[in-house]
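Subject: Structure handover

Hello,

Here is the structure for you to look at. Please open it first, then read the notes below.

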Amino acid sequence: MNPMERTDIDSHPGGGTSGPPPAPDPRPAGAEPGPADPVVVLVSAGDPARLARAARAMHDRLAHLVRQERAPAAADVAWTTQTGRVPMRHRLAVVHPDLHGVLAGLGAFLAGRPDPAVHTGQAAPGARAAAGSPVTAAEAARQWADGADLPWQSYWRTRRSRVPLPVYPFAETETETEAGAGAGAEAQSASLSVSMTESKSESADATRPHAPDTARVPGTPQAAQAPDPAEPRVAALEDALLDRYAEVSGIPRDELDARTPFVEYGLTSLHIGELNALLADDWGVGSRTLFFEHGDIAAVAADAVHRCGARRRTPEPAPETPRDPVSRTLPAGAAHPAPGPDARPAADGTGAIAVIGVAGRFPNSPDLETFWSRLATGHDCVTALPPERHRPGWPVDDMIGGFLDDVDRFDPLLFGITPRDASLMDPQERLFLETAWAALENAAHPRQRLRERHGSRVGVYAGAMYADYAFFGVEETLRGRPAYAGGALGNIANRVSYILDLHGPSLAVDTMCSSSLAALHLAVRALRAGDCEIALAGAVNLSLHPNKFVQQRLMSLTSSSRRCRSFGAGGDGFVPAEAVGVLVLKPLERALADGDRVRAVIRGSAVVHAGRTNGYLVPSPAAQGEVVRGALADAGLLPGDIDYLEAHGAGTALGDPVEIDGLGRVFGTGDRAAGSLPIGSVKSTIGHAEAAAGIAAFTKVLLQLEHRTLAPTLHADDLNPNIDWDTVPFRAQRTAAPWPRPTGPDGTPRPRRAGISSFGAGGTIAHLIVEEYPARNEPDTTAPRATGPGRPQLLVLSAYDEQRLKDSASRLAARLRAPGAPDLADVAWTLQVGREPLRERLALVARDPAEASARLAEFAAGSATGADGVVRGRAPHGGRPQGRLLPDGPEADLGALARHWVSGGPVDWPLLHPREPEARPRVATLPAYPFARMRCWIPETAPGAPAAAPGWAFSRPAR
């Protein structure tokens, strides 16, 4: 027993004192002054009702343990409440060394009786230090109850044991929440308009302040050393902001405090807009990002005065002029710190990951050639919901976005899946599987190569976030027809691993709108760690059901213009887009050793969570700067090494300035001229692909690198006026333009490089650094190849069935007729080693692309085979090779090889081609497999059938 505490407890009117005098404090010199081993049991809550519930729960729990003779020591209970609980506003402290005394004090509080052992109070908003160090446990209890933040742990001579105690009594009904809590709930919906659409995944400076702010904000150690002459202006601005915030939030003014974090009150886009208007109109502050950079009004006011020069304007009405754009007046080196010592250029190939294959489908773009055409020409791919996807009663007028064709179609038999089972699979699972197949074809890595050269150590990382297909099953069940329709996102990756017999990691990644880049980041890390030798990484996103559109509309996320206006004026939301994309990744050094074609190189990546910001969906530019710096450091590059930025591009009045501010913290260095760094967003062309937004952005950048052209960002003829485009280092890329080859400091040409950002609504944000491969220069097609002009080549095609074989021949014929057709030797090599050998087969011998194209077209049109070197056949046993390996002599008979192969015989293809590196054929980009388009969809009740589900009518909120 602590004699100091016992004397304190027993000294009260009507009773004498008992116990010996206080003993000397045995703690070591220099320890925190205060009561030794203070047995003070603490209870706190957000409001009086929950404080009473918490005290009741504590009382009942301890009484129960006493009755069972399992009661813990009072000191252990005190230690647990002091060091294991977050102190809240309404407080209760009971001082007694004995558990029976603690119970008596709790009982007195619950009964409303006064008790000298009980101390109650209410903490003022914002933590404060104690007025003086307490000497006794009672003094400590009183100071804590009044709101002091005490170092309880330092008062104990030895650590006590933690004991299980009741958890916090969270609010059970709406009426139990405070006004501030209600405002926080309001933020869950209203702040979405500055969150999902504005990539609300940035970290608030309340939890992670950056150095330049703390150097200027009063209350920091630097500022506390001398009186601040601007303090009266700061205080006046604090009052003005609090007054305006009380008006717009509905929270009484006397309950607001400038140092209470926004998260306790709730901060919505409406609030920010009104507070920004006050700053601009009455105080001359043009910045629109202060409320994303700081965690409370005090920090906003201090930064507005010290950095932005806020001064109260005269009361005369101001003229009707547009509000000032984002101000960028931070001192050089303050808001844009230089990279840390680790951000030095690294040796080429260190940790670099090669992109050796890519495939994807995007709105109005069934393949990447079409996608590039849409991007380069500035084609708007946002449309109404395709008519064949309408259902009776659907709000089709609100279902505007970017849509894929044939999302209900699939080729189940190719993958050994019954049509019935395919109809129960989520269409996203089916699309991702077909796209992964196409990406492996693009990389020339069929299953046999994956197995023989890589031991099937292939990882699959699939980004996804919605499972709308399951709603169709639910609706059919409500109509009395029980049905199941997918719903597990993990199947998207796992199905690929199962079908292709892959043995690396296989997982779906859901970080909402940053899922794509998060999946790529995980794949990069797995390849570097040796968890797999190849990785398939990408994402898929479909908008199959009205539920998404209804939700987004109700939450004011939908763009009023039904377009994503990335960096353009008038942006106020987004429209969703469908997309699927898959990359085939391999460490660069291994890819070069294997002779793979390298389409691009991932140099670095980073993923962070913004932590606790001013609201679950509210951003701060600080986190974006952090993730970009992390990706640059991972790449071993400097900000000046980046030539283009593919931004998240929310397309909203506040979201875009926040993103520009975050990027400016990294790229706004003194050596960057205003408007020198192009920036764009694929969302302006196809809409917001949500989980697949990152893979859409990556694919756009890869195509820009290959074509050495920057594609335009649409709907930005008039730029967002809240960004000072004359001073920021960025310029919106609004027209198609050549991407010139950059040079290093010494004038030597270097690879083109880009940064890609993606933000998840829940706070996970990602950034990737990608560059062109230096050897990507196209070969001189006019120079004679070692294969020799006119040398016969053996072209082989296969498919699951006859029609697919004809479709393959037709597609290849068109490719060989098109301008810029690849060398015939490259075509032959790619078909021989880079395609899955299926059962229906065609082989032909040709000397040039024109001859090959003509014969392929004839077969596709139905002409008979068997003449002019064209051979048709079927391989038994599902296409598995059988018979002896050919060629088995120095001179290969291509006709005999063709007949051998179409009947299922194995061929050692490399023996047909030169082995010298300069003469070796290259992998060529050829048309992907023409998947069958069988409709695979859950059976739906005939239109007009009654349903238990409610209709889709909804009231639209005022914008």
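**Two crossing helices**

Helix α9 passes helix α13 in a right-handed crossing. A crossing is right-handed if the near helix is turned clockwise from the far one by less than a right angle, and left-handed if anticlockwise. Helices here are DSSP runs of H or I with at least four residues, strands are runs of E with at least two, and both are numbered from the N terminus. α9 covers residues 231–249 and α13 covers residues 297–306. Their axes come within 9 Å and cross at roughly 130°. Axes are lines fitted to C-alpha atoms, for helices over the stretch in contact, and angles run from 0 to 180 degrees between N-to-C directions. The two helices are therefore oblique to each other. Angles under 35 degrees count as roughly parallel, over 145 as roughly antiparallel, 65 to 115 as roughly perpendicular, and the rest as oblique.

Which residues of α9 and α13 make the contact? On α9, they include Arg233, Leu237 and Tyr245. On α13, they include Ile297, Val300 and His306. Contact means heavy atoms within 4.5 Å.

**Before you go on**

This is a predicted model: local features need pLDDT of at least 70, side-chain atom pairs count only at pLDDT 80 or more, and totals for chains, interfaces and linings use all residues. Residues are numbered from 1 along each chain as its sequence is written, and side-chain values use heavy atoms, with hydrogens and water left out.

**The whole chain**

The protein chain has 30 helices and 23 strands. Of its 959 residues, 55% are buried. Buried means under 20% relative accessible area, exposed means over 50%, and partly exposed is in between (1.4 Å probe, protein chains only). Take the contacts between residues at least 6 apart in sequence: 79% of them join residues at least 24 apart.

**An open sheet of three strands**

Strands β20, β21 and β22 form an open sheet in that order, with antiparallel pairing. β20 (793–799) and β22 (870–874) stand at the edges, each with a single partner strand, so one side of each has no neighbour in the sheet. Neighbouring strands are turned by 15° against each other on average, direction ignored. Two strands pair if DSSP finds at least two bridges between them. β20 and β21 (residues 840–846) have seven bridges. Val796 stands opposite Ala843 in β21.

Helix α27 (residues 802–817) runs at about 140° to β20. Helix α29 (residues 849–860) runs at about 150° to β21.

**Strand β12 and its partners**

Is strand β12 largely enclosed or left open? Eight of its ten residues (600–609) are buried, so β12 is largely enclosed by the rest of the structure. Strand β4 (residues 353–361) pairs with β12 in the antiparallel sense over three bridges. Val355 has Ala600 in β12 as its bridge partner. β12 also runs antiparallel to strand β19 (residues 764–771), joined by eight bridges. There, Val601 stands opposite Glu771 in β19.

**Helix α14**

Helix α14 spans residues 368–377. Its buried residues are Leu368, Thr370, Phe371, Trp372 and Leu375. They pack against β4, α25 (683–686), α26 (693–707) and β15 (709–710). At the start of α14, a side-chain oxygen of Asp367 reaches to within 3.3 Å of the backbone nitrogen of Glu369. This is a polar contact: a pair of N or O atoms within 3.5 Å, where within protein one must be able to donate a hydrogen and the other to accept it, and residues adjacent in sequence count only if both atoms are side-chain atoms. Just after α14, Gly378 takes a positive phi of about 70°.

- Asp826 is in helix α28 (residues 824–833). Asp826 is buried at 7% relative accessibility. Its side chain reaches the backbone nitrogen of Arg922 at 2.8 Å.
- Met512 is not a glycine, yet has a positive phi of about 65°. Met512 is partly exposed, at 26% relative accessibility.
- Phe567 also is not a glycine and has a positive phi of about 65°. Phe567 is buried, with a relative accessible area of 0%.
- The peptide bond from Leu886 to Pro887 is cis, with omega near -5°. Pro887 is in the loop between β22 and α30 (894–902).

Best wishes
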